[in-house]
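Subject: Structure handover

Hello,

Here is the structure I promised you. My notes follow below it.

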Amino acid sequence: MNRSVPALAVLCLAALTACGGGDEADKSTGEPRPSATRSEQAAPAERLAGLMVTPAEAKGFSVQEYDDEFALAKSASELKADKAACTPLALAMNQLPLGEPQADLTRALTPKSQGPTGVQTYVTLTTYTSGGT
């Protein structure tokens, strides 16, 4: 199975999500105006839940909550890499977000044809504050 295709799909989805609109220019002043007030906006975790892939969208796959039973670390603070340059890869391999996100959500996709013990593809969505890391 070519693993670069799912990884590319996740990368594209993340880029599209980050580039999503919402700010429309006010025709009278030319200034951007928000499409919803702060009180109307969903919480970060709720927004991610609405963006996450669903079983209907992933035909031929079962979509399950991520089980961190076999993860090397359950948080970024527990994970140490020999070289600082390796830290982002180590975090990604454990489905852990970089930096300090507002919320993150991970799902495991398993091909139905392989059964519950088949190869899994993980989809992780993370949201940060504006200008945050």
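What share of the contacts in the protein with a separation of 6 or more comes from residues 24 or more positions apart? The share is 54%, where contact means heavy atoms within 4.5 Å.

Two points on provenance. This is a predicted model, in which local features need pLDDT of at least 70 and side-chain atom pairs count only at pLDDT 80 or more, while totals for chains, interfaces and linings use all residues. Residues are numbered from 1 along each chain as its sequence is written, and side-chain values use heavy atoms, with hydrogens and water left out.

Overall layout

The protein has 3 helices and 5 strands. Their pattern along the sequence is α-β-β-α-β-α-β-β. Both kinds of element are DSSP runs, numbered from the N terminus: helices are H or I with at least four residues, strands are E with at least two. Of the 133 residues, 20% are buried. Buried means under 20% relative accessible area, exposed means over 50%, and partly exposed is in between (1.4 Å probe, protein chains only). The accessible surface comes to about 9800 Å². Carbon and sulfur atoms hold 56% of that surface. Areas come from the Shrake-Rupley method with a 1.4 Å probe; for residues, only the protein chains shown count as cover.

The sheet

An open sheet of 3 strands runs in the order β3-β4-β5, with antiparallel pairing. β3 and β5 are the edge strands with a single partner each, so one side of each has no neighbour in the sheet. The twist from one strand to the next averages 25°. Axes here are lines fitted to C-alpha atoms (for helices, over the stretch in contact), and angles run from 0 to 180 degrees between N-to-C directions.

Two strands pair if DSSP finds at least two bridges between them. β3 (residues 61-65) and β4 are joined by 5 bridges. β4 and β5 (residues 121-127) share 7 bridges.

β4 (residues 103-111) is largely enclosed by the rest of the structure, because 8 of its 9 residues are buried.

Nonpolar cores

A nonpolar core is a set of buried Ala, Val, Leu, Ile, Met, Phe, Trp, Tyr and Cys residues joined through side-chain atoms within 4.5 Å. The largest has 9 residues: Leu48, Met52, Val53, Ala58, Ala103, Leu105, Leu109, Val123 and Leu125. β4 and β5 are the elements that give two or more residues to this core. The largest share, 3 residues, comes from β4. Another core of 5 residues lies apart from it, including Ala73, Leu79, Leu91 and Leu96.

The aromatic pair

There is 1 aromatic pair in the structure. The ring centres of Tyr66 and Tyr122 are 5.4 Å apart and their planes stand at 85°, so the pair is edge-to-face. Rings of Phe, Tyr and Trp (its six-membered ring) pair if their centres lie within 6.5 Å; planes under 30 degrees apart are stacked, over 60 edge-to-face, the rest tilted. Tyr66 sits in the loop between β3 and α3 (87-93), and Tyr122 in strand β5, 56 residues apart. Tyr66 is partly exposed at 22% relative accessible area. Tyr122 is also partly exposed, at 31%.

Best wishes
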